[in-house]
Amino acid sequence: MAFKKTNQQNRIASFHPSDYQFFIGREEELNELEELLTLPETSSNRMVYIHGIAGIGKTLLVRMLQYRLSLNELPFFTLDCRGLKAIPDLFTQSLEDILNKHTKDFPGFTQSQNRPFLLFIDHYDEENLIAEWIQEHVITEIPDDVKIILAGRNSLRGEWLASPSWQQSIQTIELKKLSFQEVKEYVIRRGFQQTSTIYKLWHFTKGHPLALSLFTAALLRDKSAELNFREQFEVIEYLVQAFLKEVERDPEFRYFLEISTILHSFNEEGLSYINHKDVSSLQFDRLVTLSFVRQGKNGWFLDPFIRQVMNEYFKHRHPQRYEEISRRAAAYYRQKIFSSSGRKNLEYYISEFIYHLGDDLIGTSLFDLAEGSNYRLETGSRHNFLEIAEYFEGRQGHAPNYEVDYYHPGTDQNHQFRVSSEHNQRENELINVQTLKQLGYDVFKMLKDEKGNTIGMSIVIPIHLETIPILKNMPVTRSYFNRLSVGELSELKVAEDEVAGWFIRMIDVHNPEDPVKRSYLLYRLMPLLLSGGRIIASTPLKMYQEMLQRLGFQQVKGATHFDYGPNVPSPTFMLDVRGPRLVSYLDELASSLARQTNLNLPKKNLPFSPREFEVAELIVEGLTNGEIANRLSVSQITVKKHVSQLLKKMEVKNRAQLIRRLLDYVKESD
């Protein structure tokens, strides 16, 4: 189409009408923006503020609005604040003077009265002085009939919130990353139908629009090549530099940022531990005011995509330093596990310790997609049981084949999750909601989205005196419980309020091709590690089996069943975290994943002989007496004597207390 006004054509020269087909996932925000600025009933909305992290699509959204409004010949003028940095004596110049200089054919406020127009001020908060100048001149100079679109990275702060009149006249729109379905639609429109390509781009970008466009362009340049995140360093560097524009060129501060990209969440204590010295409050305040940093329940965290891309960037630049920070992070959370006094914090410390052990399947399927999601779990009850029953009724008529890829960008490893229609149909036949209800309404956990819709379900059954008879007769669970001896069963027949363990019966999501939902449900099973009992699961699905084994579950001999079909063997796996076994489990897990925490004891502060130091360091690494004996080529009796001497010298009663005391010495020496 042709535009009647030359100045309008110049304003949207960077936007081509054919690009409209790739404008995905922003229709709701575009409609809201248009209504706020054009409808008579919204006349009190003098300003709309659009904010979001760099590359999220703020400018493109406004260009789309320009494209729509050009049909009505509504004047639209753009002021890009990046062009104002070089203006001398900025505060002595009026907004109208600046617009006359930077915007062709600007009519001026006095000549344009009774003729409404829109003023778009882009990148307003990338320079503090410019932000202050805009606040002064927007408030004093612009007539009330001029509608303003302001775009920046941060949410509005300071003066904008202090004035009641501005509070009432400003509407805000926060742009967020695209959903999995929106990413899929975009990738298909760009000409890529392969499932593996869609999932790779989803894992690479996590729905970040600019990254999605850049990585897709890389594929288009060489369609024969396999997309590898680590090989696209030019794209990664370009993105990182866009994010770092708001970070001062301070090497020490950059190092704190580098540490925060390795941690899921951070606080002053954690940064100081990994940094080997205290982080000042001033430096920490600077860090948490970055536009891509948010506050969560466990501290502060970086936007998940920005954390991922910066993590890869810093790792590429200095691999040895990256590995050292990673080891320190694992050591920090291991130390917190032993010193934690509350279950809530302990749950978080354990999950972070497992994450920092570095397993790619565990990282990408449990952590990297679940973080930052807006889902929640609702426990089943008598009041919502009808909704639970309806969920499974809907599942009865829906038994598709589906393929989901979990791709770890940092290691270039791809894990395929394949589920057949036959498996889903058989699961529908095996699940009896009324039988499960007898085990307690709370065995059901409904996954809810932001709108309150049930989009998934987990079933985790408590093991105690009342549930065992049903578990012995129910498909999938019966193979394990019927193989137990009388003595083993008696250990499980505890009172209902005690619980001897848990059976993970089902993890299910509506629209299974979206990996985020399943990751969230899997991640929310982490608290079971603190249950103090046995955790049992049985599945014929290969990726679940591998995940259980990597998490330290052991296959139970004689408990493989064929409830899913005569040619579908389903092993049963069990993890025992009763009492002190939790500590041994975490240490064995660290050893099996080949990522030791490398905690060095301060020899000058401890009254140990050389051999006792060796034994103490191996104890901290999590080795058993037998493993220590093999490592040092001595007998287990000799090791026991050394351990006894260590307990005596540290004035503690058991191994767990010894580890805690030794870790305190490590922390003090650091």
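Biologist: Lys448: buried or exposed?
Modeller: Lys448 is buried, at 3% relative accessible area. Buried means under 20% relative accessible area, exposed means over 50%, and partly exposed is in between (1.4 Å probe, protein chains only). This is a predicted model, where local features need pLDDT of at least 70 and side-chain atom pairs count only at pLDDT 80 or more, while totals for chains, interfaces and linings use all residues. Residues are numbered from 1 along each chain as its sequence is written, and side-chain values use heavy atoms, with hydrogens and water left out.

Biologist: Which residue forms a salt bridge with Lys448?
Modeller: Glu378 does, with the closest N and O atoms 4.0 Å apart. A salt bridge here is a side-chain nitrogen of Lys or Arg within 4 Å of a carboxyl oxygen of Asp or Glu.

Biologist: Where in the chain are Lys448 and Glu378?
Modeller: Lys448 is in strand 11 (residues 444–448) and Glu378 in strand 8 (residues 376–379). The pair links distant parts of the chain, 70 residues apart. Helices (H or I, at least four residues) and strands (E, at least two) are DSSP runs, numbered from the N terminus.

Biologist: How many salt bridges in the whole structure?
Modeller: The search finds 31. One of them joins Arg550 to Asp360, with 3.0 Å between the closest N and O atoms. Arg550 lies in helix 26 (residues 542–550) and Asp360 in helix 18 (residues 360–367), so this pair ties together parts 190 residues apart in sequence.

Biologist: What's the relative accessibility of Asp360?
Modeller: Asp360 is at 11%, so it counts as buried. Arg550 is partly exposed, at 22%.

Biologist: What about Arg418 and Glu403?
Modeller: Their side chains meet in a salt bridge, 3.7 Å from N to O. Arg418 sits in strand 10 (residues 413–419) and Glu403 in strand 9 (residues 402–408), so parts 15 residues apart in sequence are tied together. Arg418 is partly exposed at 31%. Glu403 is partly exposed too, at 42%.

Biologist: Which residues are linked in a network of salt bridges?
Modeller: Glu491, Arg534, Asp576, Arg578 and Arg581.

Biologist: New topic. How many aromatic pairs?
Modeller: The structure holds 28. Rings of Phe, Tyr and Trp (its six-membered ring) pair if their centres lie within 6.5 Å; planes under 30 degrees apart count as stacked, over 60 as edge-to-face and the rest as tilted. Phe204 and Phe215 form a tilted pair, 5.4 Å centre to centre with 50° between the planes. Phe204 is in helix 9 (residues 195–205) and Phe215 in helix 10 (residues 209–221), eleven residues apart.

Biologist: Is Phe204 buried or exposed?
Modeller: Phe204 is buried, at 0% relative accessibility. Phe215 is also buried, with 0% relative accessible area.

Biologist: And what do Tyr313 and Phe314 form?
Modeller: An edge-to-face aromatic pair, 5.5 Å centre to centre and 65° between the planes. Both Tyr313 and Phe314 are buried.

Biologist: Which residues form one aromatic cluster?
Modeller: Tyr273, Tyr332, Tyr333, Tyr348 and Tyr349.

Biologist: Last one. What sits over the ring of Phe253?
Modeller: The charged end of Arg286, 4.3 Å from the ring centre. A charge sits over a ring if NZ of Lys or CZ of Arg is within 6 Å of the ring centre and within 35 degrees of the ring normal. Likewise, the charged end of Arg190 sits over the ring of Phe22, 5.3 Å from its centre.
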